[in-house]
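Biologist: Please take one close look at a single part of this model, the site around the ligand. Walk me through the contacts and the surroundings.

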Amino acid sequence: MAFDSLSEKLQGVFKNLRSKGRLSEADVKAALKEVKMALLEADVNFKVVKQFTNAVTERAIGSDVMNGLNPGQMVIKIVNEELVSLMGSEVTDITFGTGGAITTIMMVGLQGAGKTTTTAKLAGKVKQKGKKPLLVACDIYRPAAIEQLQVNGKKQDVEVFSLGDKEKPVKIAKEAMDYAKKNGFDVVIFDTAGRLHIDEDMMNELESIKSNIDILNTILVVDAMTGQDAVNVSSTFDEKIGIDGVIITKLDGDTRGGAALSIKAVTGKPILYAGMGEKLSDLEQFHPDRMASRILGMGDVLSLIEKAEAEIDKDAALKLSKKVKKASFDFNDYLLSMEQMKKLGGLSSILGMMPGMNSSQMAQLEGAVDDKKLSHIEAIILSMTPAERENPKLLNPSRKHRIAAGAGLDIAEVNRFVKQFEQSKKMMKRMPNMMGKGKGGFPFPF
Amino acid sequence: MAEKITFWQRLIKGLTKTRDNFIKSMDYVFNGFTNIDDDFYEELEEVLIMGDIGVRTTENIIDDLKDAVKKEHIKEPQECKDFLINEIKQQMALDETSYDFENKTSVVLVIGVNGVGKTTTIGKLAGKLKANGKKVMVAGADTFRAAASDQLKEWAERAGVDFVGGPEGSDPAAVVYDAVHAAKARGVDVLLVDTAGRLHNKKNLMNELSKIGNTISKEFPEAYRETLIVLDGTTGQNALVQAKEFSEVTDISGIVLTKLDGTAKGGIAIAIQSELKLPVKYIGVGESIDDLEKFNPEEFVNALFYSE
Ligand SMILES: Nc1nc2c(ncn2[C@@H]2O[C@H](COP(=O)(O)OP(=O)(O)OP(=O)(O)O)[C@@H](O)[C@H]2O)c(=O)[nH]1
Ligand SMILES: Nc1nc2c(ncn2[C@@H]2O[C@H](COP(=O)(O)OP(=O)(O)O)[C@@H](O)[C@H]2O)c(=O)[nH]1
Ligand SMILES: [Mg+2]
Ligand SMILES: [Mg+2]
């Protein structure tokens, strides 16, 4: 693939960068030239790439090179941070009507972008929220567009409003609103025909729907594989009819999806959802930060950086996970992993990194350990003798009393900790599978 | 409907408005520079990338240009333009056998990712062949997408050709089997097979394509085979990956590049031609039945580099 060569080239550039301490202009320029190419290969619009790399150049020159990173990696670290801040970090949803107002959503976009499919997917999502959605067939042009929506509506068990293909979309939309009001629908989603942003008549049609109906959410549906033109498309739709949010489709493919960045950069509008497949359940909340690293496409470099940032000693991690498996995990290991965890920036950030962790497990773990408790735990372990640390079984009531006195804590707290330690050990046996491979597989014993 | 002007006229007309950015920058590259220097090449590189040509192909084009500049003692940026146009034109040229299937007993398999315009292209192609006096049949082997077969049926009606299909969820290879036998029985000249859109990274769906291909080979070995991959002209670098991955499961004989009536430049076709040697045979330039044109490399490249 074209990108492999770029990645290799990038590695080559890193090797040639030797400056220590601060990033020199030459370092930054050399690394950014390759970053620029990588972003272009990902289909980020050329102008966006240029603006972006200029901004990063300014920030990067003179920055300190972090311990454990070479200058090239340091530049990538800065690039990634800037990308994330450009994409935004917040997850955004559609706007729901307040005070009994109907939530209106109009889907717009180019031909074949995925509007009709996404309309049905979205209906499923709002239904899950306890709403009663109505789908409106406003594509009167494409052959069998109405049937497509009807079939999908049936699959989702959601009603579809249609006046056939002989009435104007504005009229269909107006009558659909009356119908929705009379029949207690609280969300109305309009599926419109695909159109080119330069097709004036068709763009006027959308405008007139908007001027006749109070559309709360105008959603631009964009194919993730879109190239340089994404900028023209999204800015024209935004200027002519005004968009409130974006849904990116077909992200289940292997495209790097640079269009998402271009669109965000030129419209500033949030990307709400990502289409992840053809099934009607394949619609996911969009995570801007994850998209940023997908676009940059340097997962290997990024995880390297992450590791350096956390200063995780791979050997220690390995040793620990082996111990976990053999259940020979002791208080020394516990202490060690606590230190690692501190370096990673606290408990909640680690829990957030763990794939497969569900919210109730999260809550349980967060309840079990807060930062104050952590310092108590540290004190308890430090008050143990080396033999006790290695062999938790030694802890009898009199030893526990001694430890409590040494740590300046109540005996109850020591008991609670030891009990929790045993529980964690059991839980940890299951943990290694829950933890992502890419994150270093470090076991956190809580 | 307004008088029928060719796509190329439209394109060039459109170029002055909607393709302004690209054209302006082309003008800028060729006219704004008096010397062929690093700045010139850098600017040119950027401009080509803006046309979705892609980084690697752009670099190749520029390397060739640099060689030519040395060998042929080119001094003027303007001469570079002539060189580039010629070079790309030659590369995109089709050979004489490209449209043979139109005049043979043939089966045309139309493949591609979701939403690129496969069904529409089949409708247009059916209309075109029918107008040329051919007996045409279309087969709806997209049994997956909601109402896909209704969509194709409607196009068959518009084109005035036969339709064979199967219920949603049925085996696409079975539809193809039925269609092949119906086509043979009815003495059809060209059988056009519509398939479901599939992303090239979905292995089971790609395997399904080979299965369809096998059915055709087995049931209709004497038919001339044509396999067209439909690529959306708006797509960026992923179109190259699509072409590559689909080539792995079927022998692709040509590309249909759609939606060129928009503002996208379709430059990725140049990259695909240069890396995979797959020719663009048709372009889609709208949603009506006659919005399909044979690919004309000369006009394509002229349009790409057009300046007032
Ligand atoms: N793989 C994948 N396919 C998708 C996704 N979303 C939509 N599709 C497919 O893309 C194609 C086009 O989707 P449609 O929903 O018909 O698109 P549209 O924008 O309504 O198209 P027009 O009405 O023709 O303009 C169909 O084959 C869908 O099944 C997605 O997230 N992933
Ligand atoms: N503007 C434009 N739209 C096209 C073109 N070809 C197809 N389309 C539209 O693109 C959408 C998807 O086409 P369709 O044939 O259903 O794609 P398929 O999913 O690949 O079969 C439809 O709305 C078509 O009308 C074209 O050349 N130009
Ligand atoms: Mg649609
Ligand atoms: Mg289709």
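Modeller: Start with a contact from chain A. A polar side-chain atom of Asp252(A) lies 2.8 Å from a nitrogen atom of ligand 1. A polar contact is a pair of N or O atoms within 3.5 Å; within protein, one must be able to donate a hydrogen and the other to accept it, and residues adjacent in sequence count only if both atoms are side-chain atoms. This is a predicted model: local features need pLDDT of at least 70, side-chain atom pairs count only at pLDDT 80 or more, and totals for chains, interfaces and linings use all residues. Side-chain values use heavy atoms, without hydrogens and water.

A polar side-chain atom of Asn114(B) lies 3.4 Å from a nitrogen atom of ligand 1. The backbone also contributes: an N or O atom of Ala113(A) sits 3.2 Å from an oxygen atom of ligand 1. On its own, ligand 1 has 650 Å² of accessible area, and the protein covers 96% of that (Shrake-Rupley method, 1.4 Å probe).

Now the shell. Ligand 1 is surrounded by 24 residues, each with a heavy atom within 4 Å of it. The closest include Gly114(A), Lys115(A) and Glu278(A). The site is shared between chains, because residues from A and B surround ligand 1. Helix H5 (residues 115–128) of chain A gives the largest share, four residues. Helices here are DSSP runs (H or I, at least four residues), numbered from the N terminus. By class, the shell has four nonpolar, twelve polar and eight charged residues. Asp, Glu, Lys and Arg count as charged; Ala, Val, Leu, Ile, Met, Phe, Trp, Tyr, Cys and Pro as nonpolar; the others, Gly among them, as polar.

Notes:
Residues numbered from 1 in each chain as written. Chains lettered and ligands numbered in written order. Helix = DSSP H or I, 4+ residues; strand = E, 2+ residues; numbered from the N terminus.
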